[in-house]
Amino acid sequence: MRKAVRNIGSTDKWVRKAQSGDKEAFVRLMEESQLSMYRTAKAILHNETDVEDAVQEALCRAFYKLHTLRQPKFFKTWLTRVVINCCYDLLRQQKGLLPLEVVPEESESDDRDTPLDVQRVLAELSENDRLILTLYYLNDLPVKEIARMLSITEGAAKMRLSHGRKKFRETYGDREQEVESWQRK
């Protein structure tokens, strides 16, 4: 418990430094947040190039807008919200475009800590389910912060999390059954 408290205090310190113009502090914050930003964008966007674009745009916005963050303790929540907004902006820009092939992109993932079967099941879920599960399990955000960043009530966040878990279990179970039947052949 003490370690988490030190990290929060440390993050607050780096945020304040970055807000006062310390570029090295900003770089450090972004390096620490890189995986979380990637996972959040990947939960919304399917295309690896779009994920990279959204994260890059989020980095730029964070750099220019960090001064608007009033409470440094909410930096992680604020940055995640910036990433989500960048993803939705990108989707809105692409809305009128029709892809030549509507096939999910198989790509190398930077998310090496998450097993490939879990990544594939997450990719099959709806955007809402994928996002809530990613924020809670992979980015380690509490329900209260998720609710705040998604502009929903805490109860709604809990409901979405419960629904996401259920869909994940169903999809994962279906995949295991497919593998077992394939292995029997």
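Reading a predicted helical structure

Mentor: Let us start with a list: Val143, Glu145, Ile146, Ala147, Met149 and Leu150 are the buried residues of helix H7. Please keep in mind throughout that the model is predicted.

Trainee: How many of the residues of H7 are buried?

Mentor: Helix H7 spans residues 143-150, and six of its eight residues are buried, so the helix counts as mostly covered. A residue is called buried when its relative accessible area is under 20%. After H7 comes Ser151, which has a positive phi, near 55°.

Trainee: Which secondary-structure elements does the protein chain contain?

Mentor: The protein chain has eight helices and zero strands. Read from the N terminus, its elements run α-α-α-α-α-α-α-α. Of its 185 residues, 36% are buried. As for contacts between residues at least 6 apart in sequence, 69% join residues at least 24 apart.

Trainee: How are aromatic pairs to be read, and how many does a search of the whole structure find?

Mentor: The search finds five aromatic pairs. One of them joins Phe75 and Trp78; this pair is tilted, with 6.2 Å centre to centre and 35° between the planes.

Trainee: Why are Phe75 and Trp78 separated by about one helical turn?

Mentor: The general idea is that an α-helix has 3.6 residues a turn, so residues three or four places apart point the same way. Here, Phe75 and Trp78 are separated by about one helical turn because they are three residues apart in helix H4. Phe75 is buried, at 3% relative accessibility, and Trp78 is buried as well, with a relative accessible area of 16%.

A further aromatic pair is formed by Phe168 and Tyr172, which are stacked at 5.8 Å centre to centre, with 15° between the planes. Phe168 and Tyr172 are four residues apart in helix H8, residues 154-184, and so lie about one helical turn from each other. Tyr172 is partly exposed, with a relative accessible area of 25%.

Trainee: What lies over the face of Trp14?

Mentor: Lys17 does, at 4.7 Å from the ring centre. Trp14 itself is part of helix H1, residues 2-19. With 14% relative accessibility, Trp14 counts as buried. Leaving out residues up to four places away in sequence, Trp14 touches Ala25, Arg28 and Leu29. Trp14 and Ala25 are eleven residues apart in sequence, and their C-alpha atoms are 5.4 Å apart in space.

Trainee: Where in helix H2 is the kink centred?

Mentor: The kink in helix H2, residues 23-44, is centred on Ser33 and amounts to about 50°. The start of H2 also deserves attention: there, a side-chain oxygen of Asp22 reaches to within 3.0 Å of the backbone nitrogen of Glu24.

Trainee: Finally, is Arg120 buried or partly exposed?

Mentor: Arg120 counts as partly exposed, because its relative accessibility is 38%. Arg120 is placed in helix H5, residues 116-124. Distance along the chain and distance in space should be read separately: Arg120 and Thr171 are 51 residues apart in sequence, with 9.8 Å between them in space, C-alpha to C-alpha.

Definitions and conventions:
Residues numbered from 1 in each chain as written. Predicted model: local features only at pLDDT ≥ 70, side-chain atom pairs only at ≥ 80, totals over all residues. Heavy atoms only, no water. Bend = angle between axes of the 7 residues up to and from the residue. Helix = DSSP H or I, 4+ residues; strand = E, 2+ residues; numbered from the N terminus. Polar contact = N/O pair within 3.5 Å; in protein donor to acceptor, adjacent residues only side chain to side chain. Phe/Tyr/Trp six-rings, centres within 6.5 Å; stacked < 30°, edge-to-face > 60°. Buried < 20%, exposed > 50% of the residue type's maximum accessible area, 1.4 Å probe, protein only. Lys NZ or Arg CZ within 6 Å of the ring centre and 35° of its normal. Contact = heavy atoms within 4.5 Å.
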